[in-house]
Amino acid sequence: MPEIPARAALVGLLAVALFINYVDRGNLATAAALIKTELHLSTVQIGLMTSAFFWAYTPGQLFAGFVADKLGGYRALALGFAIWSVATALTGLVGGFAALLVLRILLGVGEAAAFPCLSKLLAENVSPAKLGFANGCILSGIAFGPAFGTLAGGLIIAAIGWRAMFILFGVAAMLWLIPWFGVAGKVTPERHVSVSVLEPPPFAEMLRQRSLWGACLGHFSVNYSLYFVLSWLPLWLVQQRGFSIVEMAKLGATVYCVYGFSVLFFGWSSDHLVARGFSITRVRKTITVLSHIGVALGLAGCALGQLSLVITFLFVCGICLGMNSTWPIAQTLAGPKAAAKWVGVQNCIANTAGIIVPIVTGFIVDRTGSFNNAFLLAAAVSLLGAMGWGLILGRVEPVKWADPAVAA
């Protein structure tokens with residue numbers, strides 16, 4: 001397989017994998033109102049189930065980075081994909097809170113493989129100047145996955161119930177493994193092996209990088225906003241704003257689609273600016289800081305605005321979330337040698353947001369009877385992230401890792 005078609009197939013299948021990833025992790029939010037009623041759960045229990053995913057997913061990032069370096073990104077991702085698909089299908093068979101909790105943890109174990117593996121594969125096969133659009137194509141799955149999951153899931157739930165939705169999505173997802181193994185067998189051997197055998201830098205050297213901590217703070221903020229929307233948007237629209245399940249599904253899907261097209265546009269446009277001579281540092285950092293400011297305005301507007309304005313502010317959130325350059329920045333800084341390990345560390349720290357958001361939001365809603373303060377808190381965290389990218393992060397260029405042979 002020639003190099004360019006092989007790379008295009010790789011990016012395309014990674015995009016589909018992340019699309020499925022976010023369909024599966026967002027299904028609980030889509031079905032939350034019915035699950036809550038049928039299984040007699042409190043809002044706090046719904047929050048705990050959402051948080052439970054991150055109990056495994058967050059520390060699993062470190063292990064996934066290690067496994068990706070040992071097995072290679074292709075095999076490690078396939079293993080994680082199979083685990084999370086099985087967990088999704090089995091969710092449709094549960095009878096109570098405890099079983100749901102266990103399966104959400106198992107889902108987190110499988111999905112932990114996604115970002116360390118895809119970052120390793122992209123750093124090995126795509127130049128830093130082209131990482132914007134490649135990541136845009138892949139990360140659009142973060143938006144189109146929930147869009148599809150919310151719309152199709154909502155319609156399936158309305159027609160045949162929430163259990164059928166989980167079983168159908170989990171079983172159908174397994175078909176992705178067929179083309180994935182086909183692409184894995186046709187990767188250019190010289191290119192893949194030459195970078196995969198590089199010894200990644202030790203954790204001590206990585207943790208000394210100031211840019212890692214700026215990226216971790218910014219990424220935590222991104223995740224806080226994103227997981228807040230992914231976890232609570234359906235329930236907020238139905239419970240506080242009076243939408244029906246079908247109305248919620250249509251609006252939620254539209255917002256996610258706006259987000260997805262924004263990811264593609266800003267991924268392409270950022271690479272275009274770099275190609276025209278603007279520095280990677282200026283392009284990636286400026287767009288990302290503006291993204292955080294826009295998300296903060298959108299979330300605050302949702303808390304304070306009337307219904308007509310709320311819909312507009314949701315679209316603002318979708319557009320601005322799509323501007324973010326978290327992954328091109330991380331993959332550029334780490335390079336092929338350290339991408340899996342760096343992303344494992346960064347995503348582990350950033351995904352503590354996934355543990356915090358559901359519990360904090362559930363507590364605020366149960367105490368106040370409203371989502372408004374939860375929206376305002378998410379807006380404040382978004383502004384904090386702008387400081388991480390703008391003030392703590394240094395230049396967006398590959399870190400010069402020490403040569404183990406020279407150090408010895």
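Start inside the protein: the largest cavity has a volume of about 180 Å³. A cavity here is a set of points on a 1 Å grid over the protein atoms alone, where a 1.4 Å probe fits but cannot get out. Its volume is the space filled by probe spheres set on the points, with grid points joined across faces, edges and corners. This is a predicted model, in which local features need pLDDT of at least 70 and side-chain atom pairs count only at pLDDT 80 or more, while totals for chains, interfaces and linings use all residues. Residues are numbered from 1 along each chain as its sequence is written, and side-chain values use heavy atoms, with hydrogens and water left out.

**Stop 1: the largest cavity**

Select Ile142, Val222, Leu226, Tyr259 and Trp327. Of the 18 residues lining the largest cavity, these are the closest to its centre. Lining residues have an atom within 4 Å of a point. Now show helix 6 (131-160), helix 11 (210-239), helix 12 (245-275) and helix 15 (326-350); each supplies at least two lining residues. Helices are DSSP runs (H or I, at least four residues), numbered from the N terminus. Which helix gives the most to this lining? Helix 11 does, with five residues. Colour the lining by class: 12 residues are nonpolar, six are polar and none is charged. Ala, Val, Leu, Ile, Met, Phe, Trp, Tyr, Cys and Pro count as nonpolar, Asp, Glu, Lys and Arg as charged, and the others, Gly among them, as polar.

**Stop 2: the second largest cavity**

The count comes to eight cavities of 30 Å³ or more. Select Arg25, Gly26, Leu28, Ala29, Thr50, Phe53, Phe54, Arg104, Tyr227, Leu230 and Ser231 to see its lining. Helix 1 (3-38), helix 2 (43-71) and helix 11 each give two or more residues to that lining. The largest share, four residues, comes from helix 1. By class, the lining has six nonpolar, three polar and two charged residues.

**Stop 3: helix 12 on helix 14**

Axes are lines fitted to C-alpha atoms, for helices over the stretch in contact, and angles run from 0 to 180 degrees between N-to-C directions. For the contact (heavy atoms within 4.5 Å), select Leu251, Thr254, Val255, Val258, Tyr259, Ser262 and Phe266 of helix 12, with Ile311, Leu314, Phe315, Gly318, Ile319 and Leu321 of helix 14. By class, this contact has 10 nonpolar, three polar and no charged residues.

**Stop 4: helix 17 and its partners**

Show helix 13 (residues 280-304) with helix 17 (residues 372-392). The axes come within 8 Å and cross at roughly 170 degrees. Helix 13 and helix 17 are therefore roughly antiparallel (over 145 degrees). Their contact residues divide into 16 nonpolar, six polar and one charged.

Select Val360, Thr361, Ile364 and Thr368 of helix 16, facing Asn373, Ala374 and Leu377 of helix 17 in the contact. This set divides into four nonpolar, three polar and no charged residues.

Conventions
On a 1 Å grid over the protein atoms alone, a cavity is a set of points where a 1.4 Å probe fits but cannot get out, and a pocket is an open set with protein on both sides within 12 Å along at least five of seven lines; lining residues have an atom within 4 Å of a point. Angles under 35 degrees count as roughly parallel, over 145 as roughly antiparallel, 65 to 115 as roughly perpendicular and the rest as oblique.
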